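Please look over the sequence and the model, then read the points below beside them.

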Amino acid sequence: MHALDVLGDPVRRRILEVLADGETSAGALGSVIQDEFGISQPAVSQHLRVLREQAFATVRADGARRLYAVDPRGVREAGAWLTPFERFWRGPLAALDTELARGRSARGRAERSEVGGQESPAHGEE
């Protein structure tokens, strides 16, 4: 299975988002996914199996618990496949960053000119 086939499923993407925050027990992970997607525990287990088999997730035993974590191998494979396409979003994102910086700068100048030597109001007051 190709890395992007694994990531094409919204349930598997969400599982990886949860795991990106750190190692998570199967029970806690199952609760989140079941609540958000309305799927059964066996369905969550199937998605976890795919993620493990395709090197996107690891599992380790901790007593009776199973702890899942992101496996960087699958993420690297997906990243490597996407690398040739980065040019399509890097330029627009850089331009967006420039425009956001200009907007912050313009707001700062406007606020300073409005105050014009007067004491500025406390935060949240006008």
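The points below go from the overall layout to individual helices, residues and salt bridges.

The model is predicted. The protein has six helices and three strands, and along the sequence these elements follow the pattern α-α-β-α-α-β-β-α-α.

**Overall layout**

- The protein has 126 residues, of which 23% count as buried.
- Among contacts in the protein with a separation of 6 or more, 49% are between residues 24 or more positions apart.

**Helices H2 and H4**

- Helix H2 covers residues 10–20, and its axis comes within 10 Å of the axis of H4, with a crossing angle of roughly 75°.
- H2 is therefore roughly perpendicular to H4, because angles of 65 to 115 degrees count as roughly perpendicular.
- On the H2 side, the contact is made by Val11, Arg12, Ile15 and Leu16. On the H4 side, it is made by His47, Leu48, Val50 and Leu51.

**His47 in helix H4**

- His47 sits in helix H4, which spans residues 41–53.
- His47 has a relative accessibility of 13%, so this residue counts as buried; the cut-off for buried is under 20%.
- Leaving aside residues up to four places away in sequence, His47 touches Asp9, Val11, Arg12, Ile15 and Ile39.
- Val11, Arg12 and Ile15, which are among these partners of His47, also belong to the H2 side of the contact between H2 and H4.

**Arg52 in helix H4**

- Arg52 is another residue of helix H4.
- Arg52 is partly exposed, with a relative accessible area of 30%.
- Residues touched by Arg52 are Ala57, Val59 and Tyr68, again not counting residues up to four places away in sequence.
- Arg52 and Asp71 are 19 residues apart along the chain, and their C-alpha atoms are separated by 8.2 Å.

- Which residue has a positive phi although it is not a glycine? That residue is Ala55, with a phi of about 65°.
- For background, most residues other than glycine have a negative phi.
- Ala55 has a relative accessible area of 14% and is buried.

**Salt bridges**

- How many salt bridges does the structure hold? There are seven.
- In one of them, the side chains of Arg49 and Glu53 meet, with an N to O distance of 2.9 Å.
- Arg49 and Glu53 are four residues apart in helix H4, so about one helical turn separates them.
- Arg49 counts as partly exposed at 33% relative accessibility, whereas Glu53 is exposed, with a relative accessible area of 52%. The two residues fall in separate classes because exposed means over 50%.
- Another salt bridge brings together the side chains of Arg65 and Asp62, at 3.4 Å from N to O.
- Arg65 is partly exposed, with a relative accessible area of 44%, and Asp62 counts as partly exposed at 36% relative accessibility.
- Arg73 and Asp71 also form a salt bridge, in which the closest N and O atoms are 2.6 Å apart.
- Is Asp71 buried or exposed? Asp71 is buried, with a relative accessible area of 5%.
- Arg14, Glu17 and Glu36 are joined in a network of salt bridges.

**A nonpolar surface patch**

- Trp81, Leu82, Phe85 and Phe88 form a nonpolar patch on the surface. Together these residues have about 380 Å² of accessible area.
- Leu82, one of the patch residues, is in helix H5, which runs over residues 72–82.
- Leu82 is partly exposed, with a relative accessible area of 31%.

How values were computed: Residues are numbered from 1 along each chain as its sequence is written. This is a predicted model: local features need pLDDT of at least 70, side-chain atom pairs count only at pLDDT 80 or more; totals for chains, interfaces and linings use all residues. Side-chain values use heavy atoms; hydrogens and water are left out. Helices (H or I, at least four residues) and strands (E, at least two) are DSSP runs, numbered from the N terminus. Buried means under 20% relative accessible area, exposed over 50%, partly exposed in between (1.4 Å probe, protein chains only). Contact means heavy atoms within 4.5 Å. Patches are made of residues with over 30% relative accessible area and no salt bridge: like charges are joined within 9 Å, nonpolar side chains (Val, Leu, Ile, Met, Phe, Trp, Tyr) within 5 Å. Accessible areas come from the Shrake-Rupley method with a 1.4 Å probe; for residues, only the protein chains shown count as cover. A salt bridge is a side-chain nitrogen of Lys or Arg within 4 Å of a carboxyl oxygen of Asp or Glu. Axes are lines fitted to C-alpha atoms, for helices over the stretch in contact, and angles run from 0 to 180 degrees between N-to-C directions. Angles under 35 degrees count as roughly parallel, over 145 as roughly antiparallel, 65 to 115 as roughly perpendicular and the rest as oblique.
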